[in-house]
Amino acid sequence: MDDLLERVRQGDRRAVARAITQIERSKDRAREIVIKLYPETGMAHIVGITGAPGTGKSTLVNEIARELRRRDLLVGIIAVDPSSPFTGGALLGDRIRMQDLAGDSGIFIRSMASRGSLGGLAGATSSAAKVLDAAGFDVILIETVGAGQAEVTIANTAHTTVVVDAPGMGDEIQSIKAGILEIADILVVNKADRQGAANTVKALRMMLHMGQQKRQSRSGVRPATNLATGTANNRSDDQADWAVRVFETVAPDARGVAEVVNAILAHRQYLKQSDQWLEREKDRSREEIQQILQAHLDLQLERNVSNTEREHLVTAVADREIDPYTAAARLFTQIFPDR
Amino acid sequence: MEERKIRVLLAKPGLDGHDRGAKVIARGLRDAGMEVIYTGLRQTPEMVVEAALQEDVDAIGLSILSGAHKALVPRIMELMRDQAMTDIPVFLGGIVPNDDVAEMKEAGVTAIFGPGTSMDKIVEAIRAATSHREASSSG
Ligand SMILES: Nc1nc2c(ncn2[C@@H]2O[C@H](COP(=O)(O)OP(=O)(O)OP(=O)(O)O)[C@@H](O)[C@H]2O)c(=O)[nH]1
Ligand SMILES: [Mg+2]
């Protein structure tokens, strides 16, 4: 079995594919794979590409990957699409836009379905990224549909986050709501050939400007954690020296893509030259430890305390027989019975 | 606790122009709880096999309307043999003349679905052909 991981380290594509499948299939195996590959990871530049449905993310990923290949970098791609909440099935169509990349052994593309759980998805994607990292890919592009918290969480685990917008999506307001804009290191207005592109650019620049003022007025008071994700929220500090810029692209013609790639690589250099690379690695690690701990806790709770017992306590709290602190304390002793 | 989802690559090799049928199948398989990797039109045999390898799929579905199955299918099978991927069942959808059926089966196609085959039948066939993989493919 660990012959498989040895082959991953050598960059064997079949082994990479199989290891990712195992990660998706079994939590125990995922743990084993991450433990064993971890010393060989940490080299890759992880880039999140996110944005509303249909903004042209996959087409852009296709062109970004081609441009990175021109610069002799090995590119791994993870394209995430949502699972159907009703059937658990998924239609993964991102490869349709990435056909130009076929036949290049410096590229590896993997489609992943979100399979429901928020933490689970972020965990599986980041473990899959570790496999690609250990296999020697220099840049790992992770495409997610930026519609909710799950995607924001994934973006949080990237070194560099590219947020893709397009004219006429009417989603400028929504993307702020989802906190999408706040996580952007690079903003792209794709479909610049479409009417309204200039307005979209203008609107984003205005919001950026407002956001920066807010950041400045907040500086000095370092927000401890992001409540939504539980991650340390020091991005506003990170970006003190990094100017988030808005780029225009026409992805199918590769127009503007070289500039976006320049910005992606410049951001990596910025992170490396400041201490921000380590800071982001710490963000990523913090998030991961938190998720693993949470999953472990959930599992222990499930194993050691029956549903009826839990409901019993819930009812007791609702009936004011006991208080919630006492209930939690009781659960805690049951979760770890051997202490 | 452990998730076991059937992953299917759906490809449309050859030069014919529309993929309405393939999309209907893709949605049907998704609704049956499968993860469908749809790769779109005009796939070369090399592209199909490479995608199947990267996606580590449990089954491959080929939709070929152009009548080019006699050239495309054996080539795909040959590439799969080169990659030691022959344990992955291959299904063929489209118009395959009766005279060619035996030849396709001999080439290694697990089943052929002509126009009008019910979704249930397709889902059943894929489930049956991939059930052996469930146990063995974890290593
Ligand atoms: N006019 C124009 N169309 C584009 C551009 N970029 C992408 N498209 C088209 O927009 C559609 C969606 O492109 P995708 O790349 O699939 O978009 P996506 O954001 O990956 O979509 P999802 O993954 O479904 O969220 C396709 O028909 C593309 O051809 C562009 O710059 N200009
Ligand atoms: Mg896409």
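## A salt bridge within chain A

Asp2(A) forms a salt bridge with Arg29(A), with 3.8 Å between the closest N and O atoms; the term stands for a side-chain nitrogen of Lys or Arg within 4 Å of a carboxyl oxygen of Asp or Glu. Asp2(A) belongs to helix α1 (residues 2-9) of chain A and Arg29(A) to helix α3 (residues 27-37) of chain A, so the pair ties together parts that are 27 residues apart in sequence. Over all chains, a search of the whole structure finds 34 salt bridges. Helices (H or I, at least four residues) and strands (E, at least two) are DSSP runs, numbered from the N terminus.

The model is predicted, and local features need pLDDT of at least 70, side-chain atom pairs count only at pLDDT 80 or more, while totals for chains, interfaces and linings use all residues. Residues are numbered from 1 along each chain as its sequence is written, chains are lettered from A and ligands numbered from 1 in the order in which they are written, and side-chain values use heavy atoms, with hydrogens and water left out.

## The sheet of chain A

Chain A holds an open sheet of 7 strands in the order β4-β2-β5-β1-β6-β7-β8, with parallel pairing, where two strands pair if DSSP finds at least two bridges between them. Its edge strands, each of which pairs on one side only, are β4 (107-113) and β8 (245-248) of chain A. Neighbouring strands of this sheet are turned against each other by 20° on average, direction ignored.

Within chain A, strand β6 (residues 160-165) and strand β7 (residues 186-189) run parallel and are joined by 4 bridges, and Val163(A) stands opposite Leu187(A) in β7(A). Helix α10 (residues 257-273) of chain A lies across β1 (45-51), β6, β7 and β8 of chain A, and runs at about 150° to β6(A). For such angles, axes are lines fitted to C-alpha atoms, for helices over the stretch in contact, and the values run from 0 to 180 degrees between N-to-C directions.

## A sheet with strands from both chains

An open sheet of 6 strands has the order β3(A)-β2(B)-β1(B)-β3(B)-β4(B)-β5(B), again with parallel pairing. Strand β3 (residues 90-92) of chain A pairs with β2(B) in the parallel sense over 3 bridges, and Ala90(A) stands opposite Glu35(B) in β2(B).

Inside chain B, 5 bridges connect strand β3 (residues 59-64) with strand β4 (residues 90-94), which run parallel, and Ser63(B) stands opposite Gly93(B) in β4(B). Helix α3 (residues 69-82) of chain B packs on the sheet, where it touches β3 and β4 of chain B, and its direction makes about 160° with that of β3(B).

## The interface between the chains

Chain B places 37 residues in contact with 33 residues of chain A, contact meaning heavy atoms within 4.5 Å. The area buried between the two chains is about 3,000 Å², of which carbon and sulfur atoms give 44%; buried area is the accessible area (1.4 Å probe) that two parts lose on being put together, summed over both.

The rule finds 6 salt bridges across the interface of chain B and chain A, and the side chains of Arg18(A) and Asp56(B) meet in a salt bridge (2.8 Å, N to O). The elements that give two or more residues to the side of chain B that touches chain A are α1 (20-31), β2 (35-38) and α2 (45-55) of chain B, and α2(B) gives the most, with 6 residues.
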